[in-house]
Number of protein chains: 2
Amino acid sequence: MSVERSIAIFSPGLLGGSLAKTIQQRMPGLEVRVWARRDEAVEEVRQVLPGVIASNDIQEVIQGVSLAVLCMPIQYMPGIAQQIAACELAEDLIVTDVGSVKGGVVGELEGVFMGTKAAFLGSHPMAGSQRTGLANARGDLFHQAACILTPTVHTKPEHLGRLRTFWVKLGCRIQEMTPQQHDHCVARVSHLPHSMAVLTTLAALRQDTRVLDSSAGGFRDTTRVAGGDPDMWAGILMQNRTEVMAALQDASSVMRELLEMLQSMDEEALRRFLAQAKALRDLLPAV
Amino acid sequence: MSVERSIAIFSPGLLGGSLAKTIQQRMPGLEVRVWARRDEAVEEVRQVLPGVIASNDIQEVIQGVSLAVLCMPIQYMPGIAQQIAACELAEDLIVTDVGSVKGGVVGELEGVFMGTKAAFLGSHPMAGSQRTGLANARGDLFHQAACILTPTVHTKPEHLGRLRTFWVKLGCRIQEMTPQQHDHCVARVSHLPHSMAVLTTLAALRQDTRVLDSSAGGFRDTTRVAGGDPDMWAGILMQNRTEVMAALQDASSVMRELLEMLQSMDEEALRRFLAQAKALRDLLPAV
């Protein structure tokens, strides 16, 4: 049985829609409400997610719920959060999010709810796909995904406990970090790989796309995430720019190492360099 | 019915073993012989590939066959080719390979067979895996893979026709390029992505491997090929170093573009940059 009464999901994209499906599957009986800005989006929610309450009225969606999850691109979160904060809220409301950057956002959203009955506590389930939108929502998106919670000095232990319980029920493995640790870590394992996939795609194909006819699984996998939504990723990379730039500088420095080995034809050094990368990559358990 | 009488495969790794399995499945009745240097490897071939003739005697393996495929790492090809050239060869023998670099190699191997009854003609099936070795050989490895043939002015049209037929029967789509065009193309769609996966792995994990606990599918896919065999890849990158360095310089230049957008906080330019990468990546048909 869940400690939550009802859940409000704000913005039904890939993550919001998958969240609604997963809650319906794994926490049956729990009321799920979905807020979408546009009428057509509200209508699509009713089609794709039978059983949820869909509306574009924030007050109607938030009233009485114990947990609200912000699923829009991070740049729109403060605006929606302020509209939520202006509504009548339940005493026990936790507002969380699924955003990929925490540094500035968590402080700002904590501030928005500081004078209300509710409290903000950041979440980041490490799940997604280059296929975005409600049409691609899946009930297994969070299965065994890492979910990073970013409590601060203002976070009540009871709220942290409830949020852990919620994500665990959805199938996640929980990690706790400060917002700053989160942004460093995620820059390395998500924002850097995303950027490198983009750079690989551009360097491989910008001059001549015909080489694509000869490509195989290596190109496909290495560049997959470059097919992700440009608007969403421009927001993420810009919001986390300090950590992303540091990670890219490190990549630039190992690229210089590689170019020097090739230039000087030092095959033995190249072998050690590749063996070090393999040893690190092999730490990831096979699926 | 095949125009080939019998096929000799030199070195039973992932590619050689997969070739033997695929021939047995798709060209039944054709004699398959496998040469391996070490006695234990010969024994493993007999275990894993029942029905093939396995030996470490080059003369025994090459005698009377109409097609020989060199499947060892490229740096060892000239040595084995010379030993083959010194044997009694069939009048219609075509020697080919599965190597990832063609520039220097094709000229050298053509030269080795120039004074013999046989002729060399380069092949490169774009198939592989980070899981190497005979134990990982698969009968579907070549299914719908691009196979690049690299004829030269010395290539007889009849030989090119026979080699096309052979790879088509194994399930490949055929492309023809000069050895130089091949090396340019493959640097872009294979050697660059491989290098970038290595750089991403090192930049993400060299300082602190604990960030790996938060990684998801994006990191897994973007870095998959960095788990490949360091010996094999050191040989490939070094043999194709001129084209690989040019591709890495292009990647370095797009990386500077990205860093400048982040530095100057030009989110609109970043969005266009990511949208260009997405448009290029979306050219690849979904699987």
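**Figure 1. A salt bridge between Arg224(B) and Asp221(A) in the predicted model.** The side chains of Arg224(B) and Asp221(A) form a salt bridge with an N to O distance of 2.6 Å. A salt bridge here is a side-chain nitrogen of Lys or Arg within 4 Å of a carboxyl oxygen of Asp or Glu. The pair crosses between chains: Arg224(B) sits in the loop between helix H8 (217–223) and helix H9 (230–239) of chain B, and Asp221(A) lies in helix H8 (residues 217–223) of chain A. Helices (H or I, at least four residues) and strands (E, at least two) are DSSP runs, numbered from the N terminus. Over all chains, 38 salt bridges are counted. This is a predicted model, in which local features need pLDDT of at least 70 and side-chain atom pairs count only at pLDDT 80 or more, while totals for chains, interfaces and linings use all residues; side-chain values use heavy atoms, with hydrogens and water left out. Residues are numbered from 1 along each chain as its sequence is written, and chains are lettered from A and ligands numbered from 1 in the order in which they are written.

**Figure 2. The salt bridge of Arg162(B) and Glu4(B).** The N to O distance between these side chains is 2.9 Å. Arg162(B) belongs to helix H6 (residues 157–169) of chain B, and Glu4(B) to the segment before strand S1 (6–10) of chain B, 158 residues apart. Arg162(B) and Glu4(B) are both buried (buried, under 20% relative accessible area; exposed, over 50%; partly exposed, in between; 1.4 Å probe, protein chains only).

**Figure 3. The salt bridge of Glu40(B) and Arg38(B).** The closest N and O atoms of the two residues are 3.0 Å apart. Glu40(B) is exposed, with a relative accessible area of 52%, and Arg38(B) is partly exposed, at 47%.

**Figure 4. The sheet of chain A.** Six strands form an open sheet in the order S3-S2-S1-S4-S5-S6 (chain A), with parallel pairing; two strands pair if DSSP finds at least two bridges between them. Strand S3 (53–55) and strand S6 (119–120) of chain A are the edge strands, each pairing on one side only. Strand S5 (residues 94–97) of chain A pairs with S6(A) over 2 bridges in the parallel sense. Phe120(A) in S6(A) is the bridge partner of Val95(A).

**Figure 5. The rotation axis relating chains A and B.** Chain B is superposed on chain A by a rotation of 180° with 0.0 Å of shift along its axis (RMSD 0.0 Å). The two copies are therefore related as by a two-fold rotation axis. Superposition is by least squares on the C-alpha atoms of residues with pLDDT of at least 70 in both copies. Thr222(B) comes closest to the axis of the residues of chain B, at 2.0 Å (C-alpha).
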